[in-house]
Amino acid sequence: MADIAKMIEEIKTMTVVELNDLVKAIEQEFGVSAAAPVAVVGGAAPAAAEAVEEKTEFKVTLKNAGGNKIAAIKAVREFTGLGLVEAKGLVEKLGVIKENATKEEADKIVAAFKEIGAEVVAE
């Protein structure tokens with residue numbers, strides 16, 4: 001069996017033109033193609049285009065207040081401007097903290113709640 005490390009070292013010293021010739025020679029010799037296979041399905045293209053589109057608005061929801069409920073209430077008040085009773089109700093019901101938040105706002109809210117041990121998701 002040929003020494004693979006020696007082959008790799010030899011390939012590293014080749015120019016782009018030499019590498020192209022090598023690939024063509026291997027393709028011809030073994031009847032293979034170096035091109036990556038591409039599967040095309042009729043309805044897949046629009047779905048793929050939508051997946052690439054980046055989301056700009058997020059709904060931030062409290063999933064678990066964690067062990068420090070008071071800190072969670074304070075954080076809710078900080079990000080929503082709600083009064084004490086409303087913030088307490090939101091924490092107890094695990095509701096939406098902010099709708100239509102930007103990515104930066106959502107990341108800031110998630111980080112703040114994570115720091116106090118609460119679980120928040122931005123969807």
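Me: Before we start, what should I know about the model and the numbering?
Reply: The model is predicted, so local features need pLDDT of at least 70 and side-chain atom pairs count only at pLDDT 80 or more, while totals for chains, interfaces and linings use all residues. Residues are numbered from 1 along each chain as its sequence is written, and side-chain values use heavy atoms, with hydrogens and water left out.

Me: Ok, how many helices and strands are there?
Reply: The chain has six helices and three strands. Those are DSSP runs numbered from the N terminus: H or I with at least four residues for helices, E with at least two for strands. In sequence order the pattern reads α-α-α-β-α-α-β-α-β.

Me: And how much of the chain is buried?
Reply: Of its 123 residues, 18% count as buried. Buried means under 20% relative accessible area, exposed means over 50%, and partly exposed is in between (1.4 Å probe, protein chains only).

Me: Which residues touch the most others in the largest nonpolar core?
Reply: Leu62, Val91, Ile97, Ile109, Phe113 and Val120 touch the most other members of that core, which has 19 residues. Helix 4 gives the largest share, five residues. A nonpolar core here is a set of buried Ala, Val, Leu, Ile, Met, Phe, Trp, Tyr and Cys residues joined through side-chain atoms within 4.5 Å.

Me: Which residues does Val91 touch?
Reply: Leaving out residues up to four places away in sequence, Val91 touches Leu62, Ala65, Lys69, Ala72, Ile73 and Val76. Contact means heavy atoms within 4.5 Å.

Me: Back to helix 4. Which of its residues are buried?
Reply: Ala71, Ala72, Ile73, Ala75, Val76 and Phe79 are buried there. The buried residues of helix 4 pack against helix 5 (84-93), strand 2 (96-101) and helix 6 (103-115).

Me: How far apart are the end C-alpha atoms of helix 4, and what span should it have?
Reply: The ends are 16 Å apart, which agrees with the 16 Å that its 12 residues (69-80) should span at 1.5 Å a residue. The expected span is 1.5 Å times one less than the number of residues. Just after helix 4, Gly81 takes a positive phi of about 80 degrees.

Me: Which residues other than glycine have a positive phi?
Reply: Leu94 is one of them, at about 55 degrees, and Asn100 is another, with phi near 55 degrees. Leu94 sits in the loop between helix 5 and strand 2, whereas Asn100 is in strand 2.

Me: Are those two buried or exposed?
Reply: Leu94 counts as partly exposed because its relative accessibility is 34%. Asn100 is exposed because its relative accessible area is 54%.

Me: What does Asn100 contact?
Reply: Leaving aside neighbours within four places in sequence, Asn100 is in contact with Glu57, Phe58 and Glu105. Asn100 and Lys59 are 41 residues apart in sequence and 5.8 Å apart in space, C-alpha to C-alpha.

Me: New topic: where is Ile26, and is it buried or partly exposed?
Reply: Ile26 is in helix 2, and it counts as partly exposed because its relative accessible area is 38%.
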